[in-house]
Amino acid sequence: MSPFEALSLHKCINIDIPHSAPLFSYKTSTGWQPPVRADFINHCNDIWVQNGFPNMPGHTFYIGSTTELLLQGINPDIISVQGRWTSQAFLNYWCCIESILPLFISSSVNPNHLQDMDAIIRDFPKCHNVLQV
């Protein structure tokens with residue numbers, strides 16, 4: 001689904017929400033509230049746990065988005081800058097890439113990107129003089 005179709009559907013389904021309410025807000029006893037990070041993660045976890053999935057911490061979203069960018073062939077330097085990482089902690093996730101990738105790979109992934117990504121991940125710590133744990 002395109003983002004335009006999703007937004008149009010959202011507006012059709014939620015027609016009774018006032019125009020002054022923030023986008024994707026929800027009603028509270030004090031008015032309309034936009035979701036904040038903690039609310040969003042708690043809501044997702046409520047749904048997941050009720051359906052037999054584990055409770056996921058917020059950094060799981062970062063792991064998923066990082067992996068998605070890598071699968072698209074984005075350079076790890078760009079990913080680390082975009083993520084505003086001041087440490088090399090993300091390398092711990094990438095070092096476990098063999099266990100993370102199966103969670104995110106679909107039939108739409110370009111196999112050539114996977115091979116390129118493997119080489120990039122191996123070379124990244126060497127290029128930046130990062131000690132691997």
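These entries record what I looked up in a predicted model of one protein.

**Basis.** I worked from a predicted model in which local features need pLDDT of at least 70 and side-chain atom pairs count only at pLDDT 80 or more, while totals for chains, interfaces and linings use all residues. Residues are numbered from 1 along each chain as its sequence is written, and side-chain values use heavy atoms, with hydrogens and water left out.

**Overall fold.** I found 7 helices and 2 strands, taken as DSSP runs numbered from the N terminus (helices H or I, at least four residues; strands E, at least two). Along the sequence I read the pattern α-β-β-α-α-α-α-α-α.

**Burial.** I noted that 21% of the 133 residues count as buried (under 20% relative accessible area; exposed is over 50%, partly exposed in between; 1.4 Å probe, protein chains only).

**Core.** I looked up the largest nonpolar core, which has 5 residues: Leu 70, Leu 71, Ile 79, Met 117 and Ile 121. Helix H3 (59–71) and helix H7 (111–127) each give two or more residues to this core. Such a core is a set of buried Ala, Val, Leu, Ile, Met, Phe, Trp, Tyr and Cys residues joined through side-chain atoms within 4.5 Å.

**Val 36.** I located Val 36 in the loop between strand S2 (31–33) and helix H2 (37–50). Val 36 counts as partly exposed because its relative accessibility is 41%. The C-alpha atoms of Val 36 and Ser 25 are separated by 9.6 Å, and the two residues lie 11 residues apart along the chain.

**Phe 24.** I placed Phe 24 in the loop between helix H1 (3–13) and strand S1 (26–28).
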